[in-house]
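Here are my notes for your reading of this structure. Keep the 3D view open and check each point as you go.

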Amino acid sequence: MRWVRIVVGLFVFFLITLQFVDIYHALPKTYFMYNPTGSQFLPSLLKLLAGFGIVSCWAFITFSVLALIAGRAYCSFVCPFGILMDILRRIAIFPSTSKWLKNSGLGKFCRKNFASNKYAPARNVMRTSFLLLAVIAILFGYTSLLGLIDPYSLYGKIMGGILHPAAAMGADWLGLTLSKFDIYAIPAVDGNPAVPLASFGLAILILAALWLASALKGRLYCNTLCPVGAFLGFLAKFSLLKIRINKDACVSCGLCERNCKAQCIDAKSKTLDYSRCVDCFDCGAGCPRNAISFSTGFGAKKSDNSEKESLRKTSAKVSEKARIAELSSGPGIGRREFSASLLPMAVLLGVAAEKDSKFGFRGRGAGGPGRGAGLGGGGACGLGAGACESVDETIYTPFPSKGDRPDKRLSLPPGAQSLENFAEHCTGCQICVSACKAQILKPAITEYGLSGFMQPYMDFAEGFCLYTCHSCTKVCPTGAIKFLSLPQKRTTKIGTAIFKPSLCVVKTDGTDCSACGEHCPVQAIEMIPFGDRKKSLFIPKVHEEVCIGCGACEYICPVSPHKAIVVRGLRVQGVAEEFNESKRFYKPPEDNRKTSAPVQTGGNPFPF
Amino acid sequence: MKRRDFISTVGAAAAALPFGNSALAAAAQSSETPDLVALYGGTAVEMFERGIAEIGGMNRFVKKGQTVVLKPNIGWDRGPDYGANTDPDLVGRITKACYDSGAKKVFCFDHTCGNDWAERYKVSGIRAAVEAAGGEMVPGNSIEMYVEQNIPRGVSLKKALVHKLAVDPDVFINIPVLKHHSGAKITCALKNYMGCIWDRQWWHKNNMPQCIADYATYQKTTLTIVDAYRVMLDFGPRGKSPELSPVSKYQIISTDIVAADAAAIQIFATVASQIGKGIPWKLSDIKYMKPAEDLGVGTTDLSKLKVKRISVA
């Protein structure tokens, strides 16, 4: 059983992690059709809430039901964060078991501090608080908050913040080093894989904390902070199949307790806390008396009963907290716990709401369950807000940061549909950030306000959304970004280019440029004659209803510090129109066509 | 002339750039080898095969053991039928011709117009064509690949980060595609050199036509092969649909890059007039031509050169 767990767990971990190290975007279409991140518990629930139908929610349903049958198997078999913890723990205790390091200082240190676990009472106040926090975060649409406790999102933050940039930069470095010797076998990756320092720092922090916790106390996170663990743990208490200790065979040697990374086995009383057991089967594999089995317990009805009894007795004795565990597993939550858990949450929510209202962002979401409240009144394309400084906040997204042009607004990834939908479903797992071919999706730090922490936005400073790519729409497990086929994505309008002639080099310097015009993939920028006709200068003009907001023009505009053309992100994404000849602002007069340029005459195909 | 003398002459010519083009031509030509061959009527590969033979064969330009750098236009994520990038078969055929002349290695690169360079190498078909012929595609997407170079004769552009392959190559073959350009009106051989450098935005900001001419004073060019098999007449340089890039069946092979552009501009006007799309720009409309001629990169006056016109049919 233990080996099955290890193999399946590592396989799932490998499959999901593959997406974070796919720096050359080589994963086939079939991979994304059966995307392994679909197996994630909370993301699949969010996907259901995002309106993707019950099938998208299979993971939530399956693993909930499975918890009633076989306990928290999800935590050891499917949860990448849990599996990562097991891996980190393995690394931490490696020196204590390794042949060479065993007797070194490091080996002794590791053996003393990490190698064995002890039974610890359940921390039910904490568990239920965080579960409640998760429920409230989902209800009120503060999913970025959820993303800081949800295991998959935390795992994603580590992978997207450390592993992906490291892999991409490593490949870049290797490729460039080899290219010095004219070997071009390892190509550099597209775009700049760097993530904001804060995002990297957060990832390091999570990883360090996780490593320490898993080395010292195994699955500490899973039984204190993890809302999925708390929820499944509640169900697992009633599960059919359980780890059962044969009390007649058990001699209370304590080996299982030491091996238990969930710290849920009390060898002295020969009992096990099922709400915390993660089905890792380490205990059974190590038991010298074969006293531990994973079974229904029908065969040993009597002993099972006594087991339950003794559990009740001992847990009552063990500590006050364990008594609360019994209580809180009942129908209601203790009054004290409830208020205790509510307080920090209220503070957090208050802070977030305050910040958000300042950004003019989701003011209504905080007032009540504002899910799917389509602010902005739909459509919203091509309203041609000419006056730059007065931007209608109900149509456009928030202002990105102080350094940007005042009339620029954030752009959401294509498929986000609306700011409300995106903000309420994105947990900031960073998988789209890793998937972005142009590597322009970057996690927001304060760009969306506090409540949008780690949710990605389009950063056109070092690239633009590629016309030939729809990677981010393929990977999102939570429904924050809806899948768009390539043709759909190509007409999805995420923003509108706003051109400011007073900044353009054609006007300021009187020289040709058209960098924006040449990069526009949809002919939304037309070059129209400007100034003295003799100079034959052309200046851009934007067809706003044609523009899809890909940011190519903004990226390539040579003017600094403020670009002459910037993208103003839409609060509700729309559909762009296709360019056709009737849309032309400027039609060259016929006499322009008949030039004096020498053209071919007679049978000679050459004009010269 | 002895072979050794010839090689040293070529070396001297290369050192004496930008006068290199004319000096090279003078040294290599006996009497009747043309400076510019204009072709019409075949596929890009057919016209190249005929044209290169007329201009003295590839081994006039590529010597045994030399490293050849090809600079096609691979700017855009468009298939060959858009005419936005150089014809892949042509680039492949040129790669093969270089190897046939004894080249040690043929490299091919472009600084693509976007951050998905690998995709553009692929979609254009050029990667496949070059690699099939044994050439090597070199990325141009990292600043690490670029070396700062002085451009002593530049007027606006004095310094540039130049792709390491374009710095002092043995043989450098420019393979532009002729097409409309929203900023420069027409883009061809001279403008194609914007893919050799890192910071194009600086050019856009600082009098782009002058920068284009300035850079040409620096870049060694052994041969210019203009692909005008398809000519994109409007919505360039990226293109809107393949219908706007009619099959026009032209090609120019020239030792003078400015003359190649001058001829190409006239071909563009011819095609635009015939098809009735786009604007048939005059030579004087294309703003980088006069600075290039003034800087002595080449001549726009085709009557000064030995021009050979060939209809391949």
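1. Start with a pair of helices in chain A. A:Phe63, A:Ser64, A:Ala67 and A:Leu68 of α4(A) meet A:Leu232, A:Leu235 and A:Ala236 of α12(A). Bear in mind that this is a predicted model.

2. Now look at the geometry of that pair. Helix α4 of chain A covers residues 58-70, and helix α12 of chain A covers residues 227-236. Their axes come within 7 Å and cross at roughly 40 degrees. That makes α4(A) oblique to α12(A).

3. Helix α12 of chain A has another partner. Helix α8 of chain A, residues 124-140, packs against α12(A) at an angle of about 110 degrees. The two axes are 8 Å apart. So α8(A) is roughly perpendicular to α12(A). On the α8(A) side, the contact is made by A:Arg127, A:Thr128, A:Phe130, A:Leu131 and A:Ala134. On the α12(A) side, A:Pro227, A:Ala230 and A:Phe231 take part.

4. Pick out one residue from that contact. A:Leu131 sits in helix α8 of chain A. Is A:Leu131 buried or exposed? A:Leu131 counts as buried, because it has 22 C-beta neighbours inside 10 Å. The cut-off for buried is 20 or more. Leaving out residues up to four places away in sequence, A:Leu131 touches A:Pro227, A:Ala230 and A:Phe231.

5. Helix α6 (residues 80-97) and helix α7 (residues 105-113) of chain A pack at an angle of about 120 degrees. Their axes are 7 Å apart. That angle makes α6(A) oblique to α7(A). α6(A) passes α7(A) in a left-handed crossing. A:Ala92, A:Ile93, A:Pro95 and A:Ser96 of α6(A) make the contact with A:Leu106, A:Gly107, A:Cys110 and A:Arg111 of α7(A).

6. Step back to the whole of chain A. Chain A holds 25 helices and ten strands. It has 608 residues, and 52% of them count as buried. Take the contacts in chain A with a separation of 6 or more: 73% of them join residues 24 or more positions apart.

7. Next, the largest nonpolar core. Nonpolar side chains tend to be buried together in soluble globular proteins. Here the largest nonpolar core has 252 residues. Which residues touch the most other members? They are A:Tyr74, A:Cys432, B:Ile94, B:Ala263, B:Ala264 and B:Phe268. Helix α10 of chain B, residues 257-275, gives the most to this core, with 13 residues. Domain 1 (229-356) and domain 2 (419-585) of chain A both give residues to this core, so it lies between them.

8. Follow one of those core residues. Not counting residues up to four places away in sequence, B:Ile94 touches B:Phe48, B:Leu70, B:Ile173, B:Ile175 and B:Ile225.

9. Finish where the chains meet. How many residues of chain B are in contact with chain A? There are 48, and they contact 44 residues of chain A. Several elements of chain B each supply at least two residues of the side that touches chain A, among them β1 (36-40), α5 (117-123), α9 (208-218) and β12 (307-311). The largest share of that side, six residues, comes from α10(B).

Terms used: Residues are numbered from 1 along each chain as its sequence is written. Chains are lettered from A and ligands numbered from 1 in the order in which they are written. This is a predicted model: local features need pLDDT of at least 70, side-chain atom pairs count only at pLDDT 80 or more; totals for chains, interfaces and linings use all residues. A nonpolar core is a set of buried Ala, Val, Leu, Ile, Met, Phe, Trp, Tyr and Cys residues joined through C-beta atoms within 7 Å. A residue is buried if 20 or more other C-beta atoms lie within 10 Å of its own, exposed if 12 or fewer, and partly exposed in between; C-beta atoms are placed from the backbone. Helices (H or I, at least four residues) and strands (E, at least two) are DSSP runs, numbered from the N terminus. Domain bounds come from an automatic or database domain assignment. Two residues are in contact if their C-beta atoms, placed from the backbone, lie within 7 Å. Axes are lines fitted to C-alpha atoms, for helices over the stretch in contact, and angles run from 0 to 180 degrees between N-to-C directions. Angles under 35 degrees count as roughly parallel, over 145 as roughly antiparallel, 65 to 115 as roughly perpendicular and the rest as oblique. A crossing is left-handed if the near helix is turned anticlockwise from the far one by less than a right angle, and right-handed if clockwise.
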